[in-house]
Amino acid sequence: MVYRIKYKADGTIERYKTRLVILENTQMAGIDFTDTFAPVAKIVTVRTLLSVATARNWPIHQMDVHNAFLHGDLQEEKSLYGLRQAPRCWFSKLTTALRRYGFSQSYADYSLFTYSRGNIYLCVLIYVDDLLITGNSLSKLEKFKASLHKCFHMKDLGSLKYFLGIEIGRNSTGLFLCQRKYTLEILSEMGLLGAKPASTPVEPNHQLAKASRSLFDNPNRYRRLIGKLIYLTFTRPELAYVVNTLAQFMHAPRHAHWDAAIRVFRYLKESPGRRIFLSSNSLLSLTAYCDSDWATCPITRRPLTGYFISLGGSPISWKTKKQHTVSRSSAEAEYRSMAMTLCELKWLSILLRDLHVSVTCPIPLHCDNQAALHIAENPVFHERTKHIEIDCHFVRDAFQDGFIFPAYIRSEEQPADILTKALHPTHFHLLASKLGISDLHAPT
């Protein structure tokens with residue numbers, strides 16, 4: 001038996017939960033189960049759906065399935081929590097019910113289902129047993145919820161307030177997403193509620209990759225801490241760079257890495273309620289920024305890519321990732337950064353099409369490297385680009401096809417700069433404000 005206390009967003013107890021769970025380590029592959037994978041909604045899809053629903057003033061409701069895994073139809077003898085195949089079978093059962101009702105499954109994200117009949121449009125987003133439901137007709141939305149009640153044992157949570165540990169507030173200006181409760185819980189667990197706040201999450205000119213101090217004596221604790229920080233990047237894009245850096249040392253963390261992780265929480269102590277804002281006055285047009293820090297890793301010399309994408313001014317997608325190869329110049333590194341950002345834009349355009357949002361082209365793609373922009377626009381730069389893989393050159397094809405418009409932006413104004421390097425406090429907070437992050441009070 002597993003006992004758990006479920007809490008509301010304000011910290012009060014929602015209910016005491018008891019669950020009978022099977023020991024899955026007794027199962028044998030090929031005998032007790034075959035496939036186990038079950039898709040869950042991408043967090044970018046969550047932010048994009050919420051941004052579209054907010055801009056169109058759609059109601060957003062949430063539903064929870066009681067004992068979701070027990071609804072799955074298994075070929076095996078029994079279905080209980082703990083079975084490895086239970087999530088996959090539950091998703092298959094729910095998918096069948098949604099398709100029977102008339103929903104279509106998105107190819108951009110298999111957890112997104114859309115319903116379109118005449119001028120009625122509904123969307124359902126699935127994260128295991130949590131469902132987000134929105135659309136342009138409240139009456140049709142209520143009818144659909146009633147239909148779900150007939151198929152499964154559902155709990156109607158009403159208007160969206162708290163989802164995946166994310167606190168959500170809404171007013172006439174838009175939607176606020178923050179993880180204040182989750183942040184304070186971690187600070188309390190670490191005993192850092194009384195710690196001295198830090199102005200930035202990481203020291204400028206740090207040398208974490210070359211740290212030579214002794215190995216940290218509790219690597220599992222370090223890994224758990226970094227896992228919590230990764231979860232915080234769902235609503236805190238300014239943490240992407242430092243989390244990416246610290247995650248590279250999870251196999252053998254040193255005391256310097258632990259101290260750097262503690263500094264991140266000292267930064268969170270300064271503003272635990274910082275949030276992103278999805279505007280209700282959005283034109284739903286995509287804008288992208290990309291940046292690269294050339295040869296940033298002193299060990300591998302591979303560049304770091306960072307991109308930031310907004311939908312009508314609302315932040316929906318961001319990432320910090322080390323590139324797969326060594327670049328011979330900063331222009332090449334920036335060009336590869338543009339290619340990675342273009343991949344995300346292509347995917348987002350498909351996702352938005354499923355959400356009945358027409359993407360306005362060309363999409364502005366801002367870069368602070370003039371040479372990379374010339375490479376994207378000029379096909380005769382043969383000597384500089386002949387060694388670059390062919391797949392990167394679809395940036396040039398996308399420009400010629402009118403899908404993107406590479407645009408220059410000064411480094412001092414480049415929001416993606418915060419995703420590729422450690423900055424001094426003044427510049428850090430300036431760029432953080434450009435990411436749509438604020439400390440303003442959110443409605444409850």
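**Figure 1. The loop around leucine 164.** Strands here are DSSP runs of E of at least two residues, helices are DSSP runs of H or I of at least four residues, and both are numbered from the N terminus. The model shown in this and the following views is predicted. Leucine 164 lies in the loop between β9 (162-163) and β10 (166-171), and, although this residue is not a glycine, its phi is positive, at about 55°. With a relative accessible area of 18%, leucine 164 falls under the 20% cut-off and therefore counts as buried.

Figure 2. Leucine 284 is buried, its relative accessible area being 10%.

**Figure 3. Tyrosine 101 and tyrosine 115.** A search of the whole structure finds 13 aromatic pairs. One of them is formed by tyrosine 101 and tyrosine 115, whose ring centres are 5.8 Å apart and whose planes make an angle of 50°, a tilted arrangement. The pair links distant parts of the chain, with tyrosine 101 in helix α2 (residues 86-101) and tyrosine 115 in strand β5 (residues 112-117), 14 residues apart. Tyrosine 115 is buried at 8% relative accessibility, whereas tyrosine 101, at 23%, counts as partly exposed. Both tyrosines belong to a cluster in which ring pairs link Tyr101, Phe103, Tyr115 and Phe144. Tyrosine 115 also has a charged group over its ring, namely the charged end of arginine 117, which sits 5.0 Å from the ring centre.

**Figure 4. Phenylalanine 176 and phenylalanine 277.** These two residues form a tilted aromatic pair, with 4.9 Å between the ring centres and 45° between the ring planes. Phenylalanine 176 lies in strand β11 (residues 174-178) and phenylalanine 277 in strand β12 (residues 275-279), so the pair ties together parts of the chain that are 101 residues apart in sequence. Phenylalanine 176 is buried, with a relative accessible area of 7%, while phenylalanine 277 counts as partly exposed at 23% relative accessibility.

**Figure 5. Lysine 346 over an aromatic ring.** Lysine 346 lies over the face of phenylalanine 403, at 4.6 Å from the centre of the ring.

Figure 6. Five strands form an open sheet in the order β15-β14-β13-β16-β17, and their pairing is mixed. The edges are taken by β15 and β17 (404-408), each of which has a single partner strand, so one side of each is left without a neighbour in the sheet. From one strand to the next, the twist averages 20°. Helix α6 (residues 240-247) packs on the sheet, where it touches β14 and β15, and its direction makes about 30° with that of β15. Helix α8 (residues 330-354) lies across β13 (286-293), β14, β15, β16 (363-367) and β17, and runs at about 155° to β13.

Figure 7. Strands of a sheet pair through backbone hydrogen bonds, either parallel or antiparallel. Strand β14 (residues 304-311) and β15 run antiparallel and are joined by eight bridges; among the bridged residues is glycine 306, whose partner in β15 is threonine 320. The two strands form a hairpin with two residues between them, and glycine 312 in the turn has a positive phi of about 60°. Strand β15 (residues 314-322) is mostly covered, seven of its nine residues being buried.

Figure 8. The peptide bond from cysteine 361 to proline 362 is cis, with omega near 0°. Proline 362 is placed in the loop between α8 and β16.

**Figure 9. The surroundings of histidine 257.** Histidine 257 is part of helix α7 (residues 255-270), and is buried, with a relative accessible area of 3%. When residues up to four places away in sequence are not counted, histidine 257 touches Leu208, Ala211, Tyr222, Leu246 and Phe249.

Conventions. Residues numbered from 1 in each chain as written. Predicted model: local features only at pLDDT ≥ 70, side-chain atom pairs only at ≥ 80, totals over all residues. Heavy atoms only, no water. Phe/Tyr/Trp six-rings, centres within 6.5 Å; stacked < 30°, edge-to-face > 60°. Buried < 20%, exposed > 50% of the residue type's maximum accessible area, 1.4 Å probe, protein only. Lys NZ or Arg CZ within 6 Å of the ring centre and 35° of its normal. Pairing = 2+ DSSP bridges. Contact = heavy atoms within 4.5 Å. Axes fitted to C-alpha atoms, helices over the stretch in contact; angles between N-to-C directions.
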